[in-house]
Amino acid sequence: MKKVLFLLGLFATVSLSAQKKSIGLMPQAGYVHSYAEEDNHSGFQVGVMASFGLSERFAIQPGVSFARMSEESGTKGYYFLIPVYAMYKIPIREVRLNLGAGPYGQLGTHNDFGVSAEVGAEYKRWQLNVQFYQHLINGDPDTPERFAGLSLGYRFRLK
């Protein structure tokens with residue numbers, strides 16, 4: 001019980017520390033493509049990411065994106081992609097390189113969860129990001145196994 005209380009206290013301390021550093025919000029939109037055994041899908045995604053800075057270079061970045069994809073056969077799939085990234089930020093002159101990885105959940109036409117990664121560049125609050133999602137559970141050959149996306153976003157500082 002003491003270990004659980006210690007971990008909860010540690011988590012609360014890290015959360016409060018994150019709130020003192022910086023909080024950001026980034027609406028984004030872009031292209032998404034999925035790969036399945038039988039069919040490929042492509043379409044668009046719109047969403048928002050939140051960023052909770054733990055230090056100057058490290059942040060926790062959860063988000064949600066709505067993706068609508070059309071198959072070659074004409075049917076459409078709808079998905080909510082919900083990643084949570086551990087993000088590392090590398091300043092390079094006026095540009096900042098962002099590298100993130102973590103778990104994600106998927107709700108919609110097919111429900112699933114897996115791992116995700118994001119690589120992006122930020123210049124004057126504009127961000128160009130490439131995302132990759134890999135399913136961990138997939139029993140249906142028609143279900144997309146992987147998603148890749150390209151998005152453009154603008155980061156607002158809330159705190």
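Modeller: A contact here means heavy atoms within 4.5 Å. By that criterion, and not counting residues up to four places away in sequence, leucine 158 touches Ile23, Gly24 and Leu25. This is a predicted model, in which local features need pLDDT of at least 70 and side-chain atom pairs count only at pLDDT 80 or more, while totals for chains, interfaces and linings use all residues. Residues are numbered from 1 along each chain as its sequence is written, and side-chain values use heavy atoms, with hydrogens and water left out.

Leucine 158 lies in the segment after strand 9 (156-157), where strands (E, at least two residues) and helices (H or I, at least four) are DSSP runs numbered from the N terminus. Between leucine 158 and serine 22 the C-alpha to C-alpha distance is 7.5 Å, although they are 136 residues apart in sequence. Leucine 158 counts as exposed because its relative accessibility is 57%, the classes being buried under 20% relative accessible area, exposed over 50% and partly exposed in between (1.4 Å probe, protein chains only).

Of its 159 residues, 35% are buried. Among contacts in the chain with a separation of 6 or more, 50% come from residues 24 or more positions apart.
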